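Please look over the chain shown here with its side-chain packing and charge pairing in mind. The briefing that follows groups its points by topic.

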Amino acid sequence: MSPCPGAARTSALVPSTASSPLVLQVSIGPDPSCQSPRRWAVSLNPQRGRAIKRQANGVKQASRKHRPTPLEDRVLSLWRDGSHGNAGKDSATLGGEVGIAEQLGVARPALREAIARLEAMGVVYRRQGAATVVNRDALRLAGRFDEQGDFSDVIRASGASPSLHLEGCEDIELAGTDADVFDVPDGTPAIRITKRWDANATPARAAIDTVPLHPQDSRDIDPTESILILTERLRGEPVTWELALPTAVPADKDLARVLNVEAGAPLLLLETIGLSVNGRRLYRSHDYHVPGAVPQGLVRNVRPDATLSRRR
């Protein structure tokens, strides 16, 4: 749970608001007594609203790119704004397909695909010859455990202000069950990063991420980078699936300190394995959530299956 022994560490945090980017300034670098050849140095530029990575060789790289808003999000925005053509804001149904397509300036086939994606997510329900119904309770969740996303955005969606804290970044050697998880021999080098997210300055989640490395890999690392981006950079292939196993655990003394809870307090743990398209295990993450800190949940579609109904 601590950085490489002997490493110097400084940090300064400026909590984000809905109109400002998350700002984190961290400098971590080994002193001569630390055996790690790696150097970590990160600076986020609040003026440009994007992360700038400063590598040891002085090269600067933007680690985030602007992405267009998905069409399904634009559809839901119309519904939330009450401009979808139905009777009033937060109506239980979406408006007509023709009207929504015209308002968004998209073709109807593209709109149908977006609504189909919303239905697969459990956000809407389509019926032949009837209006499309909106699952308003699902939309009240700030985040969903069955979806991948930036946890700072989840905190922001809950109405709170997020801040990100880097708790530790260390070079380790995998052994025992840790090595077995990745099907690598004992002694395989890896990087382990511990981060914490706060909602309105109150700890909400801590993540301990482990990524195996090639023995000769001494590249510089941005420890605040998304685990998906960092993993692809280090392992050479993207994460295609995440397998998450939930359980409840008591906080040990280290987690109690990081999350500012009492030792033994209950936490929700999601142990996540990142898998490549070939089934290769690329990273492992232990995500500890403080219950009730941020409203999150799961949404499941119930199939209209008579056999399933009888079994329930």
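**Aromatic, charged and buried side chains**

F151 counts as buried, at 5% relative accessibility, where buried means under 20% relative accessible area, exposed over 50% and partly exposed in between (1.4 Å probe, protein chains only). The model is predicted, so that local features need pLDDT of at least 70 and side-chain atom pairs count only at pLDDT 80 or more, while totals for chains, interfaces and linings use all residues. Residues are numbered from 1 along each chain as its sequence is written, and side-chain values use heavy atoms, with hydrogens and water left out.

- The structure holds one aromatic pair, a pair being rings of Phe, Tyr and Trp (its six-membered ring) with centres within 6.5 Å, where planes under 30 degrees apart count as stacked, over 60 as edge-to-face and the rest as tilted.
- The ring centres of F151 and W197 are 5.9 Å apart and the ring planes stand at 80 degrees, so the pair is edge-to-face.
- Because F151 lies in helix 5 (residues 151–157) and W197 in strand 10 (residues 189–199), the pair ties together parts that are 46 residues apart in sequence; helices (H or I, at least four residues) and strands (E, at least two) are DSSP runs, numbered from the N terminus.
- W197 also counts as buried, at 8% relative accessibility.
- The charged end of R205 sits over the ring of F151, 5.0 Å from its centre, and over the ring of W197, 4.3 Å from its centre; this requires NZ of Lys or CZ of Arg within 6 Å of the ring centre and within 35 degrees of the ring normal.

**Salt bridges**

- A search of the whole structure finds 17 salt bridges, each being a side-chain nitrogen of Lys or Arg within 4 Å of a carboxyl oxygen of Asp or Glu.
- R205 meets D287 in a salt bridge (3.0 Å, N to O), and since R205 lies in strand 11 (residues 202–212) and D287 in strand 14 (residues 281–289), the pair ties together parts that are 82 residues apart in sequence.
- Both R205 and D287 are buried, whereas R140 and D137, whose closest N and O atoms are 2.5 Å apart in a salt bridge, are exposed.
- E167, R196, D198 and R257 are linked in a network of salt bridges.

- R235, found in helix 7 (residues 227–235), is buried yet has no salt bridge, and the nearest side chain of opposite charge, E237, is 6.1 Å away; Lys and Arg count as positive and Asp and Glu as negative, with His and the chain ends not counted.
- The side chain of R235 reaches the backbone oxygen of R281 at 3.3 Å.
- R144, in strand 8 (residues 143–144), counts as buried at 12% relative accessibility, and its side chain makes a polar contact with the side chain of D146 (2.8 Å); a polar contact is a pair of N or O atoms within 3.5 Å, where within protein one must be able to donate a hydrogen and the other to accept it, and residues adjacent in sequence count only if both atoms are side-chain atoms.

**Positive phi in loops**

- D183 has a phi near 55 degrees, a positive value in a residue other than glycine, and its place is in the loop between helix 6 (177–182) and strand 10.
- N260 likewise has a phi near 55 degrees, in the loop between helix 8 (253–259) and strand 13 (266–275).
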